[in-house]
Structure formats: C-alpha cells, structure tokens
Amino acid sequence: MITEAMAALLADPFFARLKSLVINSTGMAFYSDKDEDLARIAADRMEACKLSDCASYLTLLEREPGHGGEMEALVAELTIGETYFFRHKEQFDALRDTILPNVIARNQAFKRLRIWSAGCSIGPEPYTLAIMLKREFGQKLADWHISIIATDINQKFLARAREARYDEWAFRTTPDDIRRDCFDKVAKHWVLKSQFRSLVTFQYHNLTRNRFPSLVDNIAAFDIIICRNVIIYFSPETVAQLVPCFRESLMDGGWLIMGHAEPNMELFRDFRTVNVPGAVLYQRVDRPETAEPAQMAVAPRPLAPPPPSPCRPAAPTPVRRPSPARQKAAFVAPRPVAPPAEGAAKVRRLADSGQWNEALASCDALLAATGLDWRLHLLRALILEQLGDGAGCETALRRAIYLDRKAVLPHYHLGLFLARGDDNNGARRSFRNVLALLADLPDDHPIEDGDDLTASQLRESVEMHLKLIGSS
C-alpha cells in the first residue's frame, strides 16, 4: 500500500536523483525498477530525520556520506539481513565432500587456507564455515594458518556478526548437536564459542566501489570465495565486471560458490564448471593438466587461456631518460637493481596471486637495496601476515611508521592487526592516528599506494572498525 508520505516522495522532482545516488553508492540496481520499495524505505528515514522534502534529504546524504552518517542508516534498511546457519545445505555438503578435500590436498605443503565470505550479512555463513572446519577437518588442519575474511556493505550487520549472538530462528536447519556443542546459551540467545569465532575476521567492503583483488585490503589469493545471493542486486553490466575480479582473487585451482539464483553459465565461462548434487561450483583452472580434481562431474567445456583481468589493469612503467648533462654520471654509476616502482609492482603481482614465499623473497631483495622505503616494509608486513608470522608483521608495520609517520596505510593496517589480536586499545590509537592524518584531506583525495582508495572511503572503514571494537 502506498502511503501519503510515499506518494509525496514518488512525485518529488528530486526522487530520481535520490535513486541515482543510492544505486551509484551501493551498486544496488535492484532498486532501479522498484520505486515504491525505495520510496517506502526513504520516507521512513526522512521521518526519522524530521525532513519533509527530498531535496533536504539529499543534502543530508551528501553531507554525511560515510559511516556514522545518514547514508549508513539508509543502506542498513536497503539491505536484507535474513539468513541462518547451514543455509542451502547442498552447498555446504559440496564444501565438505568436494571442495575442502581438494583444497587441503593442494595446500598440504604450505598449510594455509584462505576463504572469503562476500556479503556475509550478520555472520551465519562464515561462522558455519568455521564450525565445519573445526568439526569436520580439525585434525587435518590443526597446524594450519586459516583465515576466513567476511565482508559486507552494511556495518550494522557487521557489528551484529562480530557479537556472534543469535536467536532460535537462526538455527532452523541446524542439527541440535551442533548448536549444543558450538554455542553457549545466554538468556534467550545462543553465542558462538570463541574457538570458532577466532577463525573469522569481519571488515567493510563494497564490491562495486572497492578494487579487488587487493593485497592492501586483504582481498586476494583465496582458495574459496562464497558470494551467495549478492549479485542479484546488481545490474548485468556490474555483474559482468565483478565475475572476472572474483576469478583473479582466487588461487589457481580455487573455488567460487554463487547463490542458487545466479547460475548464468555464460558469466562463468572462464571457470571449470563442476556439477554436484544440488549445487553448481566454479573452479579457476590455469593448468588443467594438473588441477582437475578426481571423482567430479566436470562440464566438458574446453578451457581457453583466461583473458587479461579488468580488475588490475597493468599500467606501463614510464621510461625516464637522463638528460645529456647527466648521462655520464648515470653510465659511471649504474644501478643493477630494478626501479622501486617496477619492483614493488612485481611483489604485488606475486602476492595477489598467492605466491607468498616468492613475494617475500622479492620484497626482501628490494629492501636490501632500498631499505628506507616505507612502502616496501608495508608490503612485507602484509605478506608476513599471510605466512602466519604475526611478530614479523607487527615489526614491519612499526618500521614503516617509523620511516614515515605521515604515511596513512601503515597506521591503518597496524590498527587492523592489533584488533585481530584483541588489543583494542592499541587498535583505537592506530585508527585515531589515521583519522588525524586524513582530517585535512578532501574526500576524493587518493591514498598513496591504496589501490584507488580515497580519503573518504578510508575514513568510512576506520570509523566502522572503531564502532566494531568500541570507541571508548
């Protein structure tokens, strides 16, 4: 039923601009032909803000675009948080019976497992993964470095997910023994036990605005990506751009699981398609002769070499020619070391593809020649974290800060590192340092070495993390 407030908003000449702002900010083309749904949500938010016209509401949204602002509250209403543990059991059966045994066998030599839950909502999906890994594969993975990265655009969902507190309805398809063994009853809720929560890290990520794969954002080199019932909100053009980015964010042999409503085979033509009971899986295979898993029903599609990724276009390195007056000096004292920009790009390519040891060796070789470059110490820190060397990661981050206290990203990643280790006081100090460094920068100012990250986007992420850990 269309209310009086909805009717007024639909007739407002600024409503089209509001819809455009929402779609451009979130990628939710789902609302492009659902004016009544958008008007109902926006009208409720306008009433909460005590605003009567769309122009005033647009001014508020544009003045407070980030976390803590009205756009955050609007996004919280636009996104759907309805989910539950072990949702779509057939896909989790495929994970247990097909995907995880394949990944564990491939990664046995270096004992690392990275999973991305994209669009994690309030957390049941990544926590279900953690439960499965501990219960079904605990002995095999006892000494492994395991990371489950869970992301969402809705920071209220992220805050709820981090609490890991759920009511009875979230367990409507969960076996009683799992709830009994993995959760503690607290009043009317069930709280996930710490040994499962510790496997999952939550962070803000906007699929349509934040570049990926990205080592800087910890969104790269995954063995498994799960993105279910998310891309249905996006336009076909946006989806066509995202799928190659998912592929590039996977290791060779890595797996992609999409929602049941997203089986457009043409979108996934550069993957190996694997059919299992009740689910369709997609595998990145760069070397088919060595990567085909046994005992699978594989679609007989010939694999062509993957096209160049649109996610990380390779920018040509400019050639700087010395002036005639300096050619002699350049000839007398040649530098046999790769230029830092070119060398750092090589380190990033190795790291983004999950070749962590090779990336570390390449980074260390550069540091031997240019050890005072904070960017290389930051790269080294991010690589060491993936190798499970927490002490080395922290040391490298603090060294990067020592070399340039005005470099924003080392402070930010030190905050993330300390938050993951439950040093909330230290994390708050680092995040506040970031906000202080960003204070005088315009919203569209690019962050140095930030993968197209802007000051506004980094402020949003920092404010979200401060809320997650508590700002007291």
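## Exercises on a predicted model

In this structure, helix H6 passes helix H7 in a right-handed crossing.

### Exercise 1. Helix packing

Describe the geometry of the H6 and H7 pair, and state which residues meet between these helices.

Solution. 

Step 1. Locate the elements: H6 covers residues 89–106 and H7 covers residues 124–137.

Step 2. Take the geometry. The two helices pack at an angle of about 65 degrees, and their axes lie 12 Å apart.

Step 3. List the residues on each side. H6 contributes Phe92, Leu95, Arg96, Leu100, Pro101 and Ile104. On the H7 side these meet Glu125, Thr128, Leu129, Met132, Leu133, Glu136 and Phe137.

### Exercise 2. Salt bridges and their surroundings

How many salt bridges are counted, and which parts of the chain does the pair of arginine 17 and glutamate 62 tie together?

Solution. 

Step 1. The count comes to 25 salt bridges.

Step 2. In one of them, the side chains of arginine 17 and glutamate 62 meet with an N to O distance of 3.0 Å. Arginine 17 belongs to helix H2 (residues 15–26) and glutamate 62 to helix H4 (residues 54–63); the pair therefore ties together parts that are 45 residues apart in sequence.

Step 3. Classify the partners of this pair. Arginine 17 is partly exposed, at 43% relative accessibility. Glutamate 62 is likewise partly exposed, at 43%.

Step 4. Classify a second pair. Arginine 284 and aspartate 286 form a salt bridge at 3.1 Å, N to O. Because buried means under 20% relative accessible area, arginine 284 is buried at 11%. Aspartate 286, at 30%, is partly exposed.

Step 5. Classify a third pair. The closest N and O atoms of aspartate 181 and arginine 180 are 3.5 Å apart in their salt bridge. Aspartate 181 is partly exposed, with a relative accessible area of 35%, whereas arginine 180 is exposed at 52%.

### Exercise 3. A residue in helix H20

Is methionine 464 buried or exposed, and how far is this residue from asparagine 154 in sequence and in space?

Solution. 

Step 1. Methionine 464 lies in helix H20 (residues 455–469).

Step 2. The relative accessible area of methionine 464 is 0%, so this residue is buried.

Step 3. Methionine 464 and asparagine 154 are separated by 310 residues in sequence, while their C-alpha atoms are 9.8 Å apart in space.

### Exercise 4. The protein as a whole

Solution. 

Step 1. The protein has 20 helices and 11 strands.

Step 2. Of its 472 residues, 51% count as buried.

Step 3. Among contacts with a separation of 6 or more, 71% are made by residues 24 or more positions apart.

Step 4. The protein exposes about 22700 Å², of which carbon and sulfur atoms supply 52%.

Notes: Residues numbered from 1 in each chain as written. Predicted model: local features only at pLDDT ≥ 70, side-chain atom pairs only at ≥ 80, totals over all residues. Heavy atoms only, no water. Salt bridge = Lys/Arg side-chain N within 4 Å of Asp/Glu carboxyl O. Helix = DSSP H or I, 4+ residues; strand = E, 2+ residues; numbered from the N terminus. Buried < 20%, exposed > 50% of the residue type's maximum accessible area, 1.4 Å probe, protein only. Contact = heavy atoms within 4.5 Å. Areas by Shrake-Rupley, 256 points an atom, 1.4 Å probe, with all protein chains shown as cover. Axes fitted to C-alpha atoms, helices over the stretch in contact; angles between N-to-C directions. Left-handed = near helix turned anticlockwise from the far one by under 90°.
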